Amino acid sequence: MAHIRVPRPWEPRETAVTPEPVYLNRRQFVQRTAGGLLAGAAATALNPISSLRAQEQEDGPLANIPATPTADLYASTARDARFVPGSRHGAVTEERLVAAWNNFYEFGTDKGSVWRRVAPFEARPWSIEVGGLVERPGRFDLADLERRFSLQERIYRLRCVEAWSVVVPWIGFPLRELLDLVRPLSSARYVRFVSFLRPEQASGQRTQTWYPWPYYEGLRIDEARNDLAFLVTGMYGHPLQKQNGAPIRLAVPWKYGYKSAKSIERIEFVRERPATFWNDLAPEEYGFLSNVDPEVPHPRWSQATEEIVGTSERVPTLKYNGYGEWVGSLYE
């Protein structure tokens, strides 16, 4: 009897990839989005589709892949069989859209212009300092980590707190593999992630001095060990674009996107719950857990639905972004 696989509700369908000729109209996207100081300033419906011929001829957002000594590892990356797409709740988003629409305040608050501002950022070579309550602290070269851990592809939905979403084929390795390497002590209850601080390379850090740079986030240790927690070094079959968090970022798809810290330089294991960037700035709006939940509105807008970037479709938001099968037990 043939094996019949029943798709899980969170799995996006692979066959419905957005057509290659469809591109992002950045100006339309920005016009439909309210600017603001906090990450939630743009919560209105978005429609990034455009047929502008000039944009179709421009490499633009796809031209920001840093020179990577391990680039050869990405062409033959195996897809994790547990994350094969297959549901009606979203197709894999066309890469140009994901590369051209970014919340990355280190390079400014205009999402449609981040990719234009990342050229000065030197994303390779790169190392990560790991410390705190671990048996094996140290500084690890990213290329060595890429070679040590077998890279895999995982297709995850990313749900922004601003009520829009994309589906991205990330490439990387499970966060728990790094934990197994450095061996956190039993007293470590949380993991803290700290991004880069280079105002000479990142215009947003240079001009937006009211933000407490560098960016910092955190997870509970049991969340960090969950199967879904993923350290991302690539996307769409190649290393990460700079504007998407190169050279290494976090992906925790059951949480709002701001929990997935980009361009990580330091990871610390601590006993007490660490402060986080947006929670420090607006604790009434951005909690520590920040799990996707359609029944819990943001103080300034509903979280019940989201717009799929690259379409005019608005769909119901799923609790835990549809990943409850994997993470629901963490919060019982």
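Side-chain pairs and their surroundings

Guide: What follows rests on a predicted model. Asp80 and Arg154 form a salt bridge, with the closest N and O atoms 3.6 Å apart. This pair links distant parts of the chain: Asp80 sits in the loop between strand 4 (78-79) and strand 5 (87-91), while Arg154 belongs to strand 8 (residues 152-159), 74 residues apart. In total, the structure holds 18 salt bridges.

A second salt bridge joins Lys259 to Glu217, and here the closest N and O atoms are 2.7 Å apart. Lys259 lies in the loop between strand 14 (249-251) and strand 15 (264-270) and Glu217 in strand 11 (residues 216-220), so this bridge ties together parts that are 42 residues apart in sequence. Lys259 is buried, as is Glu217.

The salt bridge between the side chains of Arg300 and Glu285 has an N to O distance of 2.8 Å. Arg300 lies in the loop between helix 9 (277-281) and strand 16 (305-308), and Glu285 lies in the loop between helix 9 and strand 16 as well, so the pair ties together parts that are 15 residues apart in sequence. Glu285 has 15% relative accessibility, so Glu285 counts as buried, the cut-off being under 20%. Elsewhere, salt bridges link Arg192, Arg266 and Glu268 in a network.

At Trp164 the bridge partner in strand 16 is Glu307. Strand 16 in turn runs antiparallel to strand 17 (residues 314-316), and three bridges join them. Within that pairing, Glu306 stands opposite Val315 in strand 17. Strand 16 and strand 17 form a hairpin with five residues between them, and Gly310 in its turn has a positive phi of about 95°.

Aromatic rings make up another kind of pair. A pair of aromatic rings is described by the distance of the centres and the angle of the planes. The structure holds 23 aromatic pairs. For Phe149 and Phe173 the ring centres are 4.7 Å apart and the planes are at 40°, so the pair is tilted. Phe149 is in the loop between helix 5 (142-148) and strand 8, and Phe173 is in strand 9; the pair links distant parts of the chain, 24 residues apart. Phe149, at 9% relative accessibility, counts as buried, and Phe173 is buried with a relative accessible area of 0%. In Phe277 and Trp278 the centres are 5.3 Å apart and the planes are at 80°, so that pair is edge-to-face. Phe277 and Trp278 are both buried. They also belong to a cluster linked by ring pairs, with Tyr105, Trp210, Tyr211, Trp213, Tyr215, Tyr216, Tyr258 and Tyr286.

Phe173 leads on to Ile248, which touches Phe173 and, among others, Trp126, Ile128, Leu142, Leu231, Lys262 and Ile264. Ile248 is found in the loop between strand 13 (238-239) and strand 14. At 1% relative accessibility, Ile248 counts as buried. Ile248 and Leu142 are 106 residues apart in sequence, with their C-alpha atoms 8.2 Å apart.

For the whole protein, the secondary structure comes to ten helices and 17 strands. Of the 332 residues, 61% are buried. Among contacts between residues at least 6 apart in sequence, 76% join residues at least 24 apart. The protein exposes about 13700 Å², with carbon and sulfur atoms supplying 52% of it.

Notes
Residues numbered from 1 in each chain as written. Predicted model: local features only at pLDDT ≥ 70, side-chain atom pairs only at ≥ 80, totals over all residues. Heavy atoms only, no water. Salt bridge = Lys/Arg side-chain N within 4 Å of Asp/Glu carboxyl O. Helix = DSSP H or I, 4+ residues; strand = E, 2+ residues; numbered from the N terminus. Buried < 20%, exposed > 50% of the residue type's maximum accessible area, 1.4 Å probe, protein only. Pairing = 2+ DSSP bridges. Contact = heavy atoms within 4.5 Å. Areas by Shrake-Rupley, 256 points an atom, 1.4 Å probe, with all protein chains shown as cover. Phe/Tyr/Trp six-rings, centres within 6.5 Å; stacked < 30°, edge-to-face > 60°. Lists of a residue's contacts leave out its neighbours within four places in sequence.
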